[in-house]
Amino acid sequence: MNAEPILEVANLTKSFGGVQAVNDCTFSVNRGSITGLIGPNGAGKSTMVNLISGFHKSDSGEVRFAGRLISGTAPHKIAAAGLIRTFQTTREWASMSVMENMLVAAPPMGRDAAWRSLVLGGWISRAEQEDRARAREILSDMTLFDLRNQRAGELSGGQKRLLEFARIMMARPRMVVLDEPLSGVNPLLIGRIADAIEILRRSGITVLIVEHNLTFVEQTCETAIVMALGTAIASGPMAELRKDLAVVDAYLGVVTHA
């Protein structure tokens, strides 16, 4: 794995009124990794995701993606740069088929420009055929190919999450932030969700996972970043973090130090 960071958060701070949600937080995520972002409720994880993805503007500090400063940048511009995020609740086009959801997620590459359609109709048709072929391949990888003609709104919670991952691959980002990917997923499908995240990584996408299920994080992520009281207090493999008294303190309260 390349140790070069693709995401760098430096001294980030964000307050809402008198409440400091993120407090001088600094960490980085390595390119090509699957990294967890964990911490107890109120640690600042959700605010951090919103700061990274442009949905909140920080009071101070900075966020860099692939060496480029993105602090204060609009969410759609951050997404266009190759950094996208999911939400705790899946967001599919319910009335459209699974295949149609995939095609909507494909990078437009000028296909949506009317004048290009008139002048380059043949090229547009070939590009759409390529999109369909790629969508079929991704749906097969995500075990959704047999559901390609089904309305997305009729899928189960786990299937909707897998469709979300398939659409991420279709969009070709460089990095994705997954906000609680197990939310709404039947426990029987957790293994398939883990496999799908590994497929994202193998396709070249760096993954940052915000998740409360620590067993899932330990099984899925090479390393994890721990937030508490708005700041990053530790990072490393879960096996090491479980022995870190500051981490145990954050999750379980005061620890008696023998």
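**View 1. The residue after helix α6.** Helix α6 is followed by R172, whose phi is positive, near 60°. Helices here are DSSP runs of H or I with at least four residues, numbered from the N terminus. The model is predicted: local features need pLDDT of at least 70, side-chain atom pairs count only at pLDDT 80 or more, and totals for chains, interfaces and linings use all residues. Residues are numbered from 1 along each chain as its sequence is written, and side-chain values use heavy atoms, with hydrogens and water left out.

**View 2. Span and burial of helix α6.** The 15 residues of α6 (residues 157-171) reach 21 Å from the first C-alpha to the last, close to the 21 Å expected at 1.5 Å a residue (1.5 Å times one less than the number of residues). Of these 15 residues, 12 are buried, that is, under 20% relative accessible area with a 1.4 Å probe, protein chains only. Among them are L162, L163, F165 and I168, together with the charged residues K160, R161, E164 and R167.

**View 3. Packing of α6 and α7.** The axes of α6 and helix α7 (residues 190-202) come within 10 Å and cross at roughly 0°; axes are lines fitted to C-alpha atoms over the stretch in contact, with angles from 0 to 180 degrees between N-to-C directions. The two helices are therefore roughly parallel to each other (angles under 35 degrees). In the contact (heavy atoms within 4.5 Å), α6 contributes G158, R161, L162, F165, I168 and M169, and α7 contributes R192, I193, A196, I197, I199 and L200.

**View 4. Two cysteines.** C25 is buried, with a relative accessible area of 0%. C221 also counts as buried, at 8% relative accessibility.

Notes
Buried < 20%, exposed > 50% of the residue type's maximum accessible area, 1.4 Å probe, protein only. Parallel < 35°, antiparallel > 145°, perpendicular 65-115°, else oblique.
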